[in-house]
Every structure is written in structure tokens, then in C-alpha cells.
Amino acid sequence: MKRIEHLYPNDPEGAKAGYTEFRVKLQAHSRAEEETLYSTLLKKTTIGEKVDDEVREGKEEHHLADFLINELTQIPPADPKWKAKFRVLQESVEHHLDEEEDYFHLWRKKLTPAEDKRILARYLSRRKAHLTELSTLHH
């Protein structure tokens, strides 16, 4: 994200090209995370429980990122709105990552070691599939 922000002032088109790669990776991660970790955790928690709240908030943050990504794809990079929307996306992603780091230990307590391994393997497989799919769609 910092590379895109650095490129933008002198090369908006270059920044948008970097953004396209970032977008594919971000969406592949979000989709795989929801299909694997989030879906499992929601089955193992009750509404109102801290882990449940954090997973639901994470899903909403993914939704917000998808919304901003959709808007960014429709704005020319030279438009000042592009830079503003990208900054909002960047701040949202950074916030999301900070929260995941804070709550990761709580999430892992909900999983057995075998579940943890299975989710990681499935996440990596799903992420790879989404990267392939999204790369094909956006290039």
C-alpha cells in the first residue's frame, strides 16, 4: 500500500497498476478467510461473545473493502477522489490487520490443533484458487 501511495503523486497510472495487484491479493485473502476461518469460528461461538463480535466486524470490514475496491475501479487514477478513496481503503485495511493481530490468540483458543492445521491448509488452497480466478478477471 505504501508503494502505491508513493507512486501516486508522479505516476497515477503506475499507482493504479500497483493497486490492481494489491486488490487481487486483498480480495483473495478476504474471500479465503471468510470461507475458512470465519465460517468455522461463527459455528463455534455464540452471538455476543467477543470472538463472534470480532469475526462479524471483520466480515463487515471485508464488505467495506469490497465496496471501496468497486468504486476505485470506476474512477480514473488522476481524479482526486481516487487518492482519497484509496487512503480510506488503506486505513480500513490497516485497522483490520491491527484488530486481527489483537484477537488472533482468542480465535486460536476456539480451535483444536487439528482444526487449526485443517483451516490453514484449506485457507491456502482457497486463497490460491481465488488469486487465480481474480487475476484472470482483472487482467
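**Helices, packing and burial**

Mentor: The protein chain contains 5 helices and 0 strands, where helices are DSSP runs of H or I of at least four residues and strands are E runs of at least two, numbered from the N terminus. This is a predicted model, in which local features need pLDDT of at least 70, side-chain atom pairs count only at pLDDT 80 or more, and totals for chains, interfaces and linings use all residues. Residues are numbered from 1 along each chain as its sequence is written, and side-chain values use heavy atoms, with hydrogens and water left out.

Trainee: Which element of the protein chain has the highest mean pLDDT?
Mentor: pLDDT is the predictor's confidence in each residue, from 0 to 100. The chain averages 87, and 88% of the residues score at least 70. Among the elements, helix α1 (residues 2-7) has the lowest mean, 57, whereas the highest, 93, belongs to α3.

Trainee: How is α3 oriented relative to α4, roughly parallel or roughly antiparallel?
Mentor: Axes are lines fitted to C-alpha atoms, for helices over the stretch in contact, and angles run from 0 to 180 degrees between N-to-C directions. Helix α3 (residues 50-73) and helix α4 (residues 80-109) pack at about 160°, with axes 10 Å apart. Since angles over 145 degrees count as roughly antiparallel and those under 35 as roughly parallel, α3 is roughly antiparallel to α4.

Trainee: How many residues of the contact of α3 with α4 are nonpolar?
Mentor: Ala, Val, Leu, Ile, Met, Phe, Trp, Tyr, Cys and Pro count as nonpolar, Asp, Glu, Lys and Arg as charged, and the others, Gly among them, as polar. On that basis the contact has 7 charged and 5 polar residues, and the nonpolar ones number 14.

Trainee: Is His-96 buried or exposed?
Mentor: His-96 is placed in helix α4. Leaving aside neighbours within four places in sequence, His-96 is in contact (heavy atoms within 4.5 Å) with Glu-33, Tyr-38, Gly-58, Glu-61 and His-62. Buried means under 20% relative accessible area, exposed over 50% and partly exposed in between, with a 1.4 Å probe and protein chains only. His-96 has a relative accessible area of 8%, so the residue is buried.

Trainee: What separates the C-alpha atoms of Leu-64 and Ser-92?
Mentor: Leu-64 lies in helix α3 and is partly exposed, at 36% relative accessibility. Leu-64 and Ser-92 are 28 residues apart along the chain, and their C-alpha atoms are separated by 8.1 Å.

Note on methods
Angles under 35 degrees count as roughly parallel, over 145 as roughly antiparallel, 65 to 115 as roughly perpendicular and the rest as oblique.
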